[in-house]
Structures are given as C-alpha cells and as structure tokens.
Amino acid sequence: MTDPHVILGVSPDVDEAALRQRYLELVRRNPPEKCPREFAEIREAYELLRDPVRRLEQQLFQLRGRESLNDVIADLRARVQTARIPTETLLSLAER
C-alpha cells in the first residue's frame, strides 16, 4: 500500500479533526459510485490513520529505513509523547 499520508494528502502529525475533514473532502470528490477504486484506497488509508494503534504500527513500519538505532528511538519517544495512546495499548504493542 502507498503511504496513507500521501493518499490523503496530510502530514504525519495531522490531528483527528483535520484528518476527518480531509477524508470527507476526498470522498466528495471521489464518490464510491463513480470512482470505486479511488474511494477504496482513500477509505483504507483513512481507516488506518484514524485508528491510533494501526497508525502507530504503520509509523513504526516506516522507521525501518533509518540509519541509526538512536534515530529510531528518538523518533519513537517523540511519537509516543504526542500520540495520546493509552499506556495499556502501548504495552500490548510492546508484547507482540
């Protein structure tokens, strides 16, 4: 799958309200009756980014290409501090 941020045209630190607004704009432009393929891609990207757990997993997946482990750790700390994800959810992800 292409990067969901690119599909929706949003930045990685987009908030929930702006994400929903952008999704609705794209759905109006690409209704399922006229553009089923585009609509499906937009819907999949939105569903991934609106779920905090799936969003974090996707962001972690993108970190694989970083040069140093310290960069990855620093980036993860920053993302966790701003993610507003319950501690229990983060702990369950760590156990996987």
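This is a predicted model: local features need pLDDT of at least 70, side-chain atom pairs count only at pLDDT 80 or more; totals for chains, interfaces and linings use all residues.
Good morning. I begin with H3 and helix H4 (residues 52-62), which pack at an angle of about 100° with their axes 5 Å apart. H3 is therefore roughly perpendicular to H4, a label that covers angles from 65 to 115 degrees, whereas angles under 35 count as roughly parallel, those over 145 as roughly antiparallel and the rest as oblique. Axes here are lines fitted to C-alpha atoms, for helices over the stretch in contact, and angles run from 0 to 180 degrees between N-to-C directions.

Residues are numbered from 1 along each chain as its sequence is written, and side-chain values use heavy atoms, with hydrogens and water left out.

Which residues bring H3 and H4 together? From H3 they are Glu47, Leu48, Leu49 and Arg50, and from H4 they are Pro52, Arg54, Arg55 and Gln58; contact means heavy atoms within 4.5 Å. By class, this contact has three nonpolar residues, one polar and four charged. In that scheme Ala, Val, Leu, Ile, Met, Phe, Trp, Tyr, Cys and Pro are nonpolar, Asp, Glu, Lys and Arg are charged, and the others, Gly among them, are polar.

Glu47 of H3 is partly exposed, with a relative accessible area of 23%; buried means under 20%, exposed over 50%, and partly exposed in between, with a 1.4 Å probe and protein chains only. The C-alpha atoms of Glu47 and Pro4 are separated by 9.5 Å, although the two residues lie 43 apart along the chain.

I turn now to the other side of the comparison. Helix H2 (residues 16-29) packs with helix H3 (residues 36-50) at an angle of about 170°, their axes 10 Å apart. H2 and H3 are therefore roughly antiparallel to each other. Leu19, Arg20, Tyr23, Leu26 and Val27 of H2 meet Phe39, Ile42, Arg43, Tyr46, Leu49 and Arg50 of H3. This contact has eight nonpolar, no polar and three charged residues.

In soluble globular proteins, nonpolar side chains tend to be buried together. Here, the largest nonpolar core has 13 residues, and those with the most contacts inside it are Leu8, Val10, Leu19, Tyr23, Ile42, Tyr46 and Leu49. Such a core is a set of buried Ala, Val, Leu, Ile, Met, Phe, Trp, Tyr and Cys residues joined through side-chain atoms within 4.5 Å. Helix H1 (4-8), H2 and H3 each give two or more residues to this core, and H3 supplies the largest share, five residues. Ile42 touches Ile7, Leu8, Tyr23, Leu26 and Asn30, leaving aside residues up to four places away in sequence.

Asp15 sits in the loop between H1 and H2 and counts as partly exposed, at 45% relative accessibility. Asp15 and Leu49 are 34 residues apart in sequence and 10.0 Å apart in space, C-alpha to C-alpha.

Finally, the chain as a whole. The protein chain has six helices and zero strands; helices (H or I, at least four residues) and strands (E, at least two) are DSSP runs, numbered from the N terminus. Buried residues make up 30% of its 96 residues.
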